[in-house]
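Subject: Structure handover

Hello,

Here is the structure I promised to pass on. Please have it open while you read the notes below.

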Amino acid sequence: MLALIAGAAQSAVPGEPAPPFSLPGSGGTVSLDAYRGKFVYVDFWASWCAPCKRSFPWMGELQRRYADQGLVVVAINVDASRADADRFLAATPPAFAVAFDPTGATPKHYAIKGMPSSVLVDPQGKVVFQHAGFTADTPRELEAKIGQAVRGGGAK
């Protein structure tokens with residue numbers, strides 16, 4: 001069984017290394033280390049989260065738009081039941097990597113407090129920013145931060 005490979009004291013603090021993870025995914029193992037050298041938009045979601053359903057199409061578009069600039073999206077599901085996650089994914093197919101953490105260890109290591117929440121990790125594995133929630137304004141706000149980061153300006 002694959003598990004989180006991080007110490008309990010870690011969290012997603014901007015400028016600090018992102019807690020590593022290695023989790024089962026729909027296409028095999030999904031690990032943060034596999035994306036070293038790229039920006040990684042890590043999204044934490046659950047099947048019961050209505051804003052998560054609205055965020056999935058945007059995240060697919062985000063990955064398409066910024067793929068040439070080295071961005072990948074990884075969505076980590078935290079449902080205790082894989083069947084719940086699979087039903088969500090059947091209704092809202094992802095265009096990015098999906099991992100499963102039914103124990104909820106990874107969001108604890110990232111100090112996630114609600115769904116959806118996201119963390120941008122830079123190519124060196126350091127946290128750029130963390131964001132919670134998804135509203136109508138979220139895509140514009142996050143794309144400004146992500147665009148600035150991938151162009152080399154960091155995120156404010």
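First, a term for what follows: a salt bridge is a side-chain nitrogen of Lys or Arg within 4 Å of a carboxyl oxygen of Asp or Glu. Note too that this is a predicted model, in which local features need pLDDT of at least 70, side-chain atom pairs count only at pLDDT 80 or more, and totals for chains, interfaces and linings use all residues. Residues are numbered from 1 along each chain as its sequence is written, and side-chain values use heavy atoms, with hydrogens and water left out.

**Overall fold**

The protein has four helices and seven strands. Helices (H or I, at least four residues) and strands (E, at least two) are DSSP runs, numbered from the N terminus. Their order along the sequence is β-β-β-α-β-α-β-α-β-β-α. The radius of gyration is 14 Å, close to the 15 Å that the globule rule gives for 156 residues, so the protein is as compact as a globular protein of that length. That radius is taken over C-alpha atoms, and the rule is 2.2 Å times the number of residues to the power 0.38. The C-alpha trace spans about 40 × 35 × 25 Å along its principal axes.

Of the 156 residues, 49% are buried. Buried means under 20% relative accessible area, exposed over 50%, and partly exposed in between (1.4 Å probe, protein chains only). Contact means heavy atoms within 4.5 Å. Among contacts with a separation of 6 or more, 66% join residues 24 or more positions apart.

**Salt bridges**

Side chains of opposite charge can pair when their charged atoms come close. How many salt bridges does a search of the whole structure find? The search finds six.

One of them lies in helix H2 (residues 82-91), between Asp86 and Arg82. The N to O distance is 3.1 Å. These two residues are four apart, about one turn of the helix. Both are partly exposed: Asp86 has a relative accessible area of 35%, and Arg82 has 40%.

Asp84 also forms a salt bridge, with Arg87. Their closest N and O atoms are 2.3 Å apart. Both sit in helix H2, three residues apart, and so are separated by about one helical turn. Asp84 is partly exposed at 29% relative accessible area, whereas Arg87 counts as exposed at 53%.

Salt bridges that share partners also join Glu61, Arg64, Arg65 and Glu143 into one network. Within it, the side chains of Arg64 and Glu61 meet at 3.2 Å, N to O. Both lie in helix H1 (residues 50-66), three residues apart, about one turn of the helix. Arg64 is exposed at 52% relative accessibility. Glu61 is partly exposed at 31%.

**A loop to look at**

Where is Pro102 found? Pro102 is in the loop between strand E5 (97-100) and helix H3 (105-109). Pro102 is partly exposed, with a relative accessible area of 43%. Leaving out residues up to four places away in sequence, Pro102 touches Val78, Asp79 and Ala80. Pro102 and Asp79 are 23 residues apart along the chain, yet their C-alpha atoms are separated by 5.3 Å.

Best wishes
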